[in-house]
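Q: I have a structure open and would like to go through it with you. Can we start with one pair of side chains?

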Amino acid sequence: MTRRDIWTPVLIAAWAIVLGLLVWPLGKILLSSFIVDGEYTFANYTLIFSEPRFLRTIGNTFLVGFGGMIGALILGVGLAFVVSRFEIRGRTAIEVLALIAMVSPPFIGAYSWIVLFGANGLVRTSLASIGIDIPPIYGTPGVIMVFALKFFPQVFLITAGAFAAVSRSLEEAAESLGVSPTRRLFTITLPLIMPAITASGLLAFVMSIADFGTPQIIGRGLQVLATQAYILYSADLGSNQGLASAISLILVGISMVFVLLQRWMMRRDIYHNSGMKRAERRPIAGLKSLYLHVAAYGLVLLGSIPTITVIYYSFRRTRGPVFQDGFGLQSYERVLQRLSDPIINTLIYSAIAVVAIVVVGTLLGYLITRRRSLATGALDGILTVPYVVPGVVMGIAYAAAFNVAPLVLTGTGAIIILAIFIRRLPYTVSSVGAALRQISPNLEQAAMSLGVPPGRAFLKVTAPLLIPGIVAGAMMSLVTAMNELSSSLVLYIGRTITMPVRIYIAVIDGEYGIAAALSTILLAMTIVAILAMSYAAKRQYKS
Amino acid sequence: MKAIRLSGTLVAGAIAFAAFAASAQTKEVVIYTAAPGAVVDALTDRYAKETGVKVQVVKAGSGDLIRRVRAEAAAPKADVIWSVGGEQLESNKDLLAEFTTAEDAAILPAYKISKSWSPYSGILAVFSVNTKMLKPEQYPKTWKDLADPRWKGKITSARADASGSAFQQYATVLTIYGNEGPAIYKAILDNINFATSSGVVNRLVNDGEAAVGITLEDDAMQYKKNGGPIEIVMPADGTSTVPDGMALIKGAPSPEEGKKFMNWVLSKPVQDYVVKETNRRSARIDTPFPGTPITSIKTIDYDILKIAAQRDELLRQWRTMAVGR
C-alpha cells in the first residue's frame, strides 16, 4: 500500500462501475416506487401490504420459490450423490445432459411442457389411451415441478463438485466407528457440503421467484410477484409504474434477505479439503445398479425434455403456423432470411460482455478477497444485488437511467452489453474469489518483497494460477450471456435484436415452429462457443 | 498493467461501438409494430426493396409498445407505430403527431376516425373453435353463450389490459349489452384461461389446449387456411370491426421517412397484398375481401372515440373483474 499501488485506481474504477451501472439505475427505480401523482409517499407499499390479493401474491411467491428450491435440491443433490458415490456408467453423458437441461431455450421451454403434458399433451393423451389418467400440467404443482426440473442441474453441478471434494478419511473414520451408511451421509457428508447445498438452493430459490414466463404460461391464474410486476409494467396505463417498481423491489428484497441469510449461516463453515484423500466411487451391481442407473438417466432426460422437444419440433413439417405430419425444413427456411442480424448481435454482445466480465471480474475478485477493507467489503455487499434483481427490472432501470443526456444509450448495442455485463459480473467475482482462497498469498508477497510492483506480481504470479477458475466462470457467463432474454427484451430496437428476443417474438406470435428452429440454432451456437472456448483454454495450458 | 490497458481498450471499444451503433444511416425508418412477424417481414422487405430505405423494426405487444413510446417521449426513437388498435392510439394521442396520408380519399369513411392516426387495415372480433373437440351444434353462437358456466376453463383469450384485441372484445360486449354488459362480460371472463399474448390464442385452440378462442378473424384464418382444426364463428349477437391503426410519433427522428412509409402502406398494391397475405380487411374502398362479406355479418356500431375516451376507466373496471389473476 506504500508505493504507487495499482490496486487503488482499480478500486476507484470498480466503485465508478458499481455506482454508474448499478446504484444509479436501480436508485431511479427505487425512487419511482415512492412517487404517486408526483408526490413522495409510502402509498404503493401500504397498498401492497394491506390488499389481500397482493398478500396472496406474496404467499404464492414463497410457495413456488420454496417448492422449486426443495424440488431442485432433492433432485440435484440426490443425483450428485449417486454420481459421485457409485460407479455409474457414462458419467460424462449425464453431465452433458445436465448442461443441456441448463441451457434449456428461454421462454419456449415452458411450451414444451404443454405440448407433452398439457390438456391435449402427447404424453398425457398416450397415457390416457392405456388407461392412466394424469392431470394436465397447469397450475401451482405444475409450476413447482417445472422449476424443480429447470433448476436442478445448477444444484447438481455445484454439489457434485463438493461431494467429490469431501475427504474420504472422515467418512472412513465414521465407518470404522460403526456408523451406518445412512447416518454417515446425514451426519458427516451432507454437513460437509452444506455451503454448496445452501448456495445452490439459494440460487434455485432466487431463480424460481424471478421467473415470470413459467407461472404465466402454465400457472393458469397463479399470480406471483414476478408476473404481477410484469403485467403492471406491460399494461399501458402509466399510473401503475410506481406500483410495478414497488412490487419488483419487494421481490428483490425477499431475495436479498435469503442471500444474507445464506451468508450468515455459512459464515463459519469453511473447510479446506486440499491434500486429503478424495472420495471414491463404489461399484454397484444387480438390481441396485439398475435402479440407480434408471434414476440418474431418467432424471437428466426429464430435465432435457424441453430442449429435446424443441429440437424435434424444429424439424417437423409445417404449413404456416400449423404442424403437419412428417418432417421438413420449412421452419428453418422461414427464419433463414433475417437471421444474420440476431446471430451477429448475439455473438458480438456476448463476446464483448464476457471479455469485460472476465477482466473486471478477475480484478474485482482479487481486490475483494485479498485487499480487505471497508471499501472492498462494501463493494462485495453491493455486488450481491445483481443476483437478485430480475432481468426485466434491470432492463427497465437501464431504459430509464440511460435515456437522458449526457448518456443516451437507449437503442444502442452498448446498453444491452452493459446490462448483461452487470448482471453476470458477480458470478465471476465470486468464482475468482473462491479460487483465490485456495491459492496462498505467500507467492505473490514473495515476488513483491523482491521488488516486483503489485500489479505485475498479480499478473505474473497469481493470475496464471487462477486461469482454470476464470475459464470455467467465463464459460458460464458466455452461456448465460448468449441466452439472456429478460433485460434485452426491454432494451432492444430493430437493429440490436438478439436471438433470444427473436425467439420470444416467435413465441408470442404463436409461431412455435419458427421459435423451435431459432432455439435449435441458438443451442448449436452455444455449444460451438463452449467447445471453442474449452479448446482455446486447453491450447493456452499447453503453451 | 496489461489488464488495465486491456480494460481501457475495452471501454474505448465499447464507446466506439456504441457511437457506431447510434450513428443513424442516411435513410432509415424506425417502426414499432404489434403486427404478426410474418406480415412485418414481408412488408418491410418489400418496402426496403422498393424504396431503398432501411427499416428498423421493434416488435412487441401493443401495450408494451405504447409504454415504450411513452418512456422514450423525451427522446423518441421510433418514427411510426404500426398495427396498434385504433382506440389504443386514440387514448394515447398525446404521443402522436397529426398527419393525413396521401391516400385519404380512398380510405373507407367508417375507418376515418382521427387526425392523430390512420387506419392500416380492418380487423374483426370472432370466435375460433377446435373442430376436433366440438361438433358444429356445440359451437358457441353468441357472446352470451360464452358466459355459460359450461365453458369454464375451455375458452382462451389475452388480457384486456395488455392486448388491443382483447380490449376490443370487452368493449364489444359492453356495447352490445349495455347495462347487462358488465355482468355478461364478467361471466365470460370467469370462463377464460388467459393466453400469454393474443398471438398465442389460436395456437392453443389449434393444439387442443382450449376449445374456443376469442380472437381476430385474420389470425384464426391463418390456421384454418393451413389445415389446422379450426373453424371461425361470427358472433350472432353482433361483433365489431375496427381499424387497426398506425401513426406518426410526435418528435420522431425522421418524420418524413415515417410519412412516406404510412403513405406506402395505404397504397392500392400494398393493400391488395395485405388482404391476400394477412386475411385482413382493407382500409381502402377499392380492395375486395375474399371471405365472408362484411354486409352478411352482424356488425355493431362500435364508437371508437367514445370508447377511447373511457378507456382508462373501462380498464380499471376490467382489473376489478379480473382481480387476483
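A: Start with D218(B) and R280(B), which form a salt bridge with the closest N and O atoms 2.9 Å apart. A salt bridge here is a side-chain nitrogen of Lys or Arg within 4 Å of a carboxyl oxygen of Asp or Glu.

Q: Where do D218(B) and R280(B) lie in chain B?

A: D218(B) is in helix α9 (residues 217-225) and R280(B) is in the loop between α11 (268-278) and β11, so the pair ties together parts that are 62 residues apart in sequence. Helices (H or I, at least four residues) and strands (E, at least two) are DSSP runs, numbered from the N terminus.

Q: Is D218(B) buried or exposed?

A: D218(B) is buried, with a relative accessible area of 7%. R280(B) is buried too, at 6%. Buried means under 20% relative accessible area, exposed means over 50%, and partly exposed is in between (1.4 Å probe, protein chains only).

Q: Before I go on, what kind of model is this?

A: It is a predicted model, where local features need pLDDT of at least 70 and side-chain atom pairs count only at pLDDT 80 or more, while totals for chains, interfaces and linings use all residues. Residues are numbered from 1 along each chain as its sequence is written, chains are lettered from A and ligands numbered from 1 in the order in which they are written, and side-chain values use heavy atoms, with hydrogens and water left out.

Q: Back to pairs. Which residue forms a salt bridge with E103(B)?

A: R284(B) does, with the closest N and O atoms 2.8 Å apart. E103(B) sits in the loop between β4 (96-97) and β5 (118-130), and R284(B) in the loop between β11 (281-282) and α12 (304-321), 181 residues apart.

Q: And how covered are those two?

A: E103(B) is partly exposed, with a relative accessible area of 21%. R284(B) is buried, at 8%.

Q: How many salt bridges are there over all chains?

A: A search of the whole structure finds 30. In chain A, E484(A) and R424(A) form a salt bridge at 3.4 Å, N to O. E484(A) lies in the loop between α22 (454-482) and α23 (486-491) and R424(A) in helix α20 (residues 413-437), so this pair ties together parts that are 60 residues apart in sequence. E484(A) is buried, with a relative accessible area of 3%, and R424(A) is buried at 15%. R423(A), R424(A) and E484(A) are linked in a network of salt bridges.

Q: New topic: how many residues of helix α24 of chain A are buried?

A: Helix α24 (residues 499-508) is mostly covered, as 10 of its 10 residues are buried. Among them are M499(A), R502(A) and Y504(A). The helix is followed by G510(A), whose phi is positive, near 80°.

Q: How many helices and strands does chain B have?

A: Chain B has 12 helices and 11 strands. Its radius of gyration, taken over C-alpha atoms, is 21 Å, close to the 20 Å that the globule rule gives for 325 residues, so chain B is as compact as a globular protein of that length. The rule is 2.2 Å times the number of residues to the power 0.38.

Q: What share of the 325 residues of chain B counts as buried?

A: The share is 58%.
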